[in-house]
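Open the model in your viewer and keep the selection panel at hand. The tour moves from one selection to the next and says what is there.

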There are 2 protein chains.
Amino acid sequence: MYLVSKREKQRYFSIREMSETLDISFHFLTKALQPLTQKGILVSSRGPAGGVSFLKAPEEVTLMEIILILEGEDFFNSCMLGLDGCGLQRPCPVHGVWMDIKSILMKEFSSISLAMIGDKTFTQHLRLMNV
Amino acid sequence: MYLVSKREKQRYFSIREMSETLDISFHFLTKALQPLTQKGILVSSRGPAGGVSFLKAPEEVTLMEIILILEGEDFFNSCMLGLDGCGLQRPCPVHGVWMDIKSILMKEFSSISLAMIGDKTFTQHLRLMNV
DNA sequence: TTTAATTAAGACTTTTTTATCTTAAATAAG
DNA sequence: CTTATTTAAGATAAAAAAGTCTTAATTAAA
């Protein structure tokens with residue numbers, strides 16, 4: 001969100017600067033960003049004037065994608081009771097409700113792009129950190 | 001869910017028996033049930049023929065109540081980015097979406113009673129455990 | 001070509017959560 | 001009244017998650 005709210009697709013933003021602006025530990029942020037780079041959402045450059053930048057156009061990156069990368073690809077595949085093989089064949093008592101809820105969540109998160117969030121953050125001066 | 005699916009409101013069901021049926025550690029289950037007893041959803045009895053039973057009628061207990069008791073009363077009050085004081089006055093970029101999603105979740109969970117789940121589990125022979 | 005700046009990767013530490021164990025208290029039955 | 005059975009509560013242990021640190025690799029600029 002920080003990156004896209006800058007609205008400069010070309011340049012690299014250093015993680016150090018980002019961590020200081022957002023008041024997040026540098027090492028923590030570095031680690032958090034790595035899977036995004038590995039999955040091709042971001043591209044990184046080492047050395048002076050290095051940092052991270054979007055590889056994939058933020059218009060094409062949904063919140064859903066980010067959530068799946070950061071939380072794990074089967075984040076929306078779990079049974080509410082934690083049962084193995086819970087599905088239409090052998091459902092748990094809340095399988096139906098939970099499926100409905102999950103599909104609403106997935107639909108919603110899939111409909112929001114990072115570009116939309118960036119624009120909103122930029123134009124409405126919204127905050128990404130405390131204070 | 002186990003308790004209500006038994007559809008015998010009067011008698012106490014022992015936690016030992018329940019833990020064996022559901023294949024959950026006895027001590028773990030005991031601990032999990034304690035907040036429900038403390039909050040007046042269940043009533044317990046020690047000694048021979050003791051166990052737990054519903055105090056509040058399961059028709060009047062919603063999934064929402066159970067979730068709030070087990071996960072904490074402010075389970076649905078968090079900011080998606082973890083910001084303090086995120087609200088209409090000083091929202092984060094995803095405040096609106098997140099609010100919408102949370103209200104759908106709360107509405108859904110509030111509309112489901114344990115009695116409904118128990119009936120469904122009983123009549124459709126649904127499972128509460130693996131295998 | 002050397003140096004400073006920067007991310008990557010993995011080891012390590014700390015914190016939090018989850019799970020278990022022990023002891024105490026209560027209760028029904030003999 | 002004593003004993004066996006059962007939950008309650010708190011202490012302890014184990015596992016998982018979160019966070020930090022160190023070293024390596026890369027890159028641009030002097």
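**Stop 1: DNA strand D**

Select DNA strand D: 21 residues surround it, and the closest are Pro48(A), Ile15(B), Lys31(B), Ser44(B) and Arg46(B). A residue is near a strand here if one of its heavy atoms lies within 4 Å of it. This is a predicted model, in which local features need pLDDT of at least 70, side-chain atom pairs count only at pLDDT 80 or more, and totals for chains, interfaces and linings use all residues. Residues are numbered from 1 along each chain as its sequence is written, chains are lettered from A and ligands numbered from 1 in the order in which they are written, and side-chain values use heavy atoms, with hydrogens and water left out.

Now show the polar contacts (pairs of N or O atoms within 3.5 Å; within protein, one must be able to donate a hydrogen and the other to accept it, and residues adjacent in sequence count only if both atoms are side-chain atoms). Start at Ile15(B): a backbone N or O atom lies 2.5 Å from a phosphate oxygen of DNA strand D. Then pick Lys31(B): an N or O atom in its side chain is 2.8 Å from a base nitrogen of DNA strand D.

Colour by element next (helices, H or I, at least four residues, and strands, E, at least two, are DSSP runs numbered from the N terminus). Helix 3 of chain B gives the most to the surface near DNA strand D, with five residues. By class, that surface has five nonpolar, 12 polar and four charged residues. Here Ala, Val, Leu, Ile, Met, Phe, Trp, Tyr, Cys and Pro count as nonpolar, Asp, Glu, Lys and Arg as charged, and the others, Gly among them, as polar.

**Stop 2: DNA strand C**

Switch to DNA strand C. Of the 22 residues around it, Ile15(A), Ser44(A), Arg46(A), Ser25(B) and Phe28(B) come nearest. Of its atoms within 4 Å of the protein, 63% belong to sugar or phosphate and the rest to bases.

Which side chain has an N or O atom 2.9 Å from a base nitrogen of DNA strand C? Select Lys31(A) to see it. Lys31(B) places a side-chain N or O atom 3.1 Å from a base oxygen of DNA strand C. Helix 3 of chain A supplies the largest share of the surface near DNA strand C, five residues.

**Stop 3: the two copies**

Superpose the chains by least squares on the C-alpha atoms of residues with pLDDT of at least 70 in both. Chain A can be laid on chain B with an RMSD of 0.0 Å by a turn of 180° and a shift of 0.0 Å along the axis. The two copies are thus related as by a two-fold rotation axis.

**Stop 4: the cavity**

Select Ile101(A), Ile104(A), Leu105(A), Ile101(B), Ile104(B) and Leu105(B), which line the largest cavity. Helix 5 (95-110) of chain A and helix 5 (95-110) of chain B each give two or more residues to this lining. The lining has six nonpolar, no polar and no charged residues. On a 1 Å grid over the protein atoms alone, a cavity is a set of points where a 1.4 Å probe fits but cannot get out, and lining residues have an atom within 4 Å of a point.

Note on methods: 1 Å grid on protein atoms, 1.4 Å probe; cavity = no way out; pocket = protein on both sides within 12 Å on 5 of 7 lines; lining within 4 Å.
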